[in-house]
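Take a look at the chain below. This short report goes through its overall make-up and then a few of its parts.

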Amino acid sequence: MWSLTFAPLVPLPLLIGLAVLAAVAAGMALVLAGRSAILRALALAVLAVALADPSLVFEDREPVKDVVAVVVDKSASNRLADRAQQTQAAQAEVERQLRGISGVETRTIEVTDQQGAGDGTRLFEALASGLADVPSERVAGAIVLSDGLAHDAPATAEALGLRAPLHVLTTGREREIDRRIVLVDSPRFGIVGKEQNVRLRVVDKGGPGRAAITVRRDGEIIARREAITGETIQVPVRIDRGGPNVIEIEAAPIADELTLANNRAVITIEGVRDKLRVLLVSGEPHPGERTWRNLLKADANVDLVHFTILRPPEKQDGTPINELSLIAFPTRELFQVKIKDFDLIIFDRYANQSILPLVYFDNIVRYVRDGGALLIAAGPEYSGAQSLARTPLGQILPAQPDGSVIDEAYRARVSEPGKRHPVTRDLPGSETEPPRWGEWLRMVGARTRSGSAVMTGPGERPLLLLAREQKGRVALFLSDHAWLWARGFRDGGPHLDLLRRLGHWLMKEPDLEEEALRASARGRNIEIERQTLGDNPAPAIITAPDGSVRTVPFEAGRPGLFVARTAASEFGLHKITTENLTAFANIGPENPRELMEVVSDPAKLQALAEATGGSSRRIGQENGSGVTIPRIVPVRSGRQFAGADWIGLRISDSGIVRGVSISPLFVGLIGLAILFGALVAGWIGESGRRFKREA
C-alpha cells in the first residue's frame, strides 16, 4: 500500500510562514507582471514543497480478521421452557451467516451458572473476559443470545467499553406466565421460643390475584395462609430451637408458569437462646455441691436458682423459729406456679424428706414429659427408703436402686454406647485403657430400666444413664464423687467437659443430639453427617431444587459418626432425609438471583444495545419452536448498525505491517534537478517575455 508522507526540514510553523510569504509574493507578482509570473510562482511552490521533504511510503501489510463475539447464555433462566432449543438454533444460524462474511473471526463465549457463583447471569463480565486479548479496533461487534436477563449490565455504553455494535437476540415468548416470592424483610437471628416476622410479597406475571402460602420450619409445615399478589404481607415464624432454623415459604403454583423454583423463598434464622433457667436443689451440704454451683454460675447463658436444704423437718434442736436465719423453701412457687419457666431441674443428693409433697413430684413428671429436663445426681440416699425412685419420679427415672452402695476406688469408664454418644464421645482421657483420669470412691448400685448407660463403674455397673421421656429428657448420675475430678484427686479428670456436655444435652443443644442429621455446603459439594448410636444408618436421600432425587450411602467416621459427600448439580436448597430425620444444605445464595425473575424481556438491554448502534429484539416464534434471525451484514461506515430485518458489523479492514519502504521525492539529484529546472524555467520564461517586449 502506497502513501505520501512529509518530514519538514524546518520547524512546521516556519514552513507555514514561508509558504504564506511565497503565496503572497506569487500573488503580487501575478497582479503586477500578469501571466509572466506564473513560472516564478511555480518555482516558489516547488521550493516550499522541497522544504516539506515529501516521501512515498510503501507498507507491506498483512490483512487480519475482525473479531465477532457470539455470547451464548447457558444460565438456568435461559434453560426454561424451550429457550435452550431456541438458543441452540439461533447459535447455529448466526455462526452459519458469519462463516459467509469474509474477513471476520467468530469467537463463541458461553456463560454458565458457575461463572456467576450464584449471583445471577454475568453476561458482560464473560464478554469482557472473552475479548480481553483483542484490540478494540478489531472488534466488529457482539451478538448476545440470551433471555435478556443479565445481572451485570453496565449503566452506559461508555462503561461497557465496546467500540462496536451490541446486538441482543432474545429467546422466550411474549405473554409468559410466572409467579415468584420477593422477600421484603427477613431476620437473621431470633430468640428461641419467640416469634420473628418475615415480610414478603407474591408477584404474578399473568396470573390470578390471590396465592396460597405454605410456611415450613425445617421441613415441617407450621402455617398456611392466603396472600393478595403484589401486596406485602407479614408472616410470623416461631423459633423452635437453637442453631439454624431453616424457614421455607412457598406459594402455590399457577398453570403454565415458567418455573416453580422461584415460588419458594428460603430463610435461615439463627436461633439464640435467652438465659437458660436452671433450678438446683441440694439435699444437704456436701463437697460436691460447690462443683455444680461453680459450673453453672460460670456459664454466662445460665440463670441459676440454687437452694440447699440445711434444716430438714425432722431436725428438732430447740432453736426458736424467730432466731433462725434460714430462707423458707418456696416449694409451691417453684414446683407448681413457675415450674415451666425452668429449662433444667437438678436434684443433687436429694432425699424425700417430706419437704416436697408427692403432688409436686407429679408436677415434675408432667414437666419432663412436656419437654423439660431432669438430672439426678445421686448419693447413698438413692438406695435407701427415702430414695427419689420411691416417689412418682420413679416412673421416669432410667434405673431403680438395688439397695447397694459400692465404696471402693474405681476408674469410671466410657461404655460402648458411650463411645458413640456425643456427651461422652472423645472425652479427654478416655482414649487409653485404663482411662487417664483419677479414681472415684463411691457409687450406687442400680438396675437399668430404660435409656443408655454411657459410663460404667466397677463390674460394668451403670454409672451415668441418659434417657428420653416423651418430649423431655432425664439423666441419672449414680455417684456423688464427680467433685473429686474438680479437686484434682489423683490427677483429677475432665469434669468440666463431662458436666457441661451433660447439662447442654439435657437442654437440647443441637450439637449434642445422639440421633441427628446435619448437612453443610462446601463450595459446590454437600457434606452430610449422621450421628447415631446404631451401626448401619440408612443412606441419605437428597432432593435437589428441581425435584430430582438421588441416594448417597454413608461411610463410617469416628464412633457414632457417619459421613457422606456428594457434588451438587445446581444452586439452591437441597433437602436431605434419612429415616425420620431431615436436614438442608443450600448451594450458593439461599434465594438464587438467577431464578428470582425469569420472564424474558428484550427491553432489559435495549437502551444499552441502541447506545452502541446495535439492537435488541425477540427471536422466538410464537407458533412453533423455531427462531427468526435477522440478516448479518458488514458495515464499513456509519453509526447505525441495525434495521428492521438486519444487524450490522463494524468492519475495520485492519492489518499487520510486515515492512515499510520510504522513497524521498526531493532528496538527492532528483530533488535538485526538479528545483533547478523550476528556477531555470522561470528565468527562461521571464527572459523570453522581456526579449519580445524589446523587439
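## Terms and model

A residue is buried if its relative accessible area is under 20%, exposed if over 50%, and partly exposed in between (1.4 Å probe, protein chains only). This is a predicted model: local features need pLDDT of at least 70, side-chain atom pairs count only at pLDDT 80 or more, and totals for chains, interfaces and linings use all residues. Residues are numbered from 1 along each chain as its sequence is written, and side-chain values use heavy atoms, with hydrogens and water left out.

## The whole chain

The chain has 14 helices and 36 strands. Both are DSSP runs, numbered from the N terminus: helices are H or I with at least four residues, strands are E with at least two. Of the 695 residues, 48% are buried.

The accessible surface is about 33900 Å², and carbon and sulfur atoms hold 52% of it. Such areas come from the Shrake-Rupley method with a 1.4 Å probe; for residues, only the protein chains shown count as cover.

## An enclosed strand

Strand β18 covers residues 373–377. 5 of its 5 residues are buried, so β18 is largely enclosed by the rest of the structure. A373, L375 and A377 point one way, while L374 and I376 point the other way.

Two strands pair if DSSP finds at least two bridges between them. Strand β17 (residues 344–348) runs parallel to β18, joined by 4 bridges. Here F347 stands opposite I376. From β17 the chain passes through helix α9 (residues 358–369) to β18, in a right-handed β-α-β crossover. Right-handed means that, with the strands pointing away from the viewer, the path from the first strand over the helix to the second runs clockwise.

Strand β24 (residues 472–477) is also parallel to β18, with 5 bridges between them. R473 in β24 is the bridge partner of A373.

## A buried leucine

L466 lies in strand β23 (residues 462–469). Is L466 buried or exposed? Its relative accessibility is 4%, so L466 counts as buried. Leaving out residues up to four places away in sequence, L466 touches several residues, including H421, V454, V474 and W505. Contact means heavy atoms within 4.5 Å. S450 is 16 residues from L466 along the chain, and their C-alpha atoms are separated by 8.4 Å.

## A partly exposed valine

V24 is found in helix α1 (residues 12–33). V24 has 45% relative accessibility, so it counts as partly exposed.
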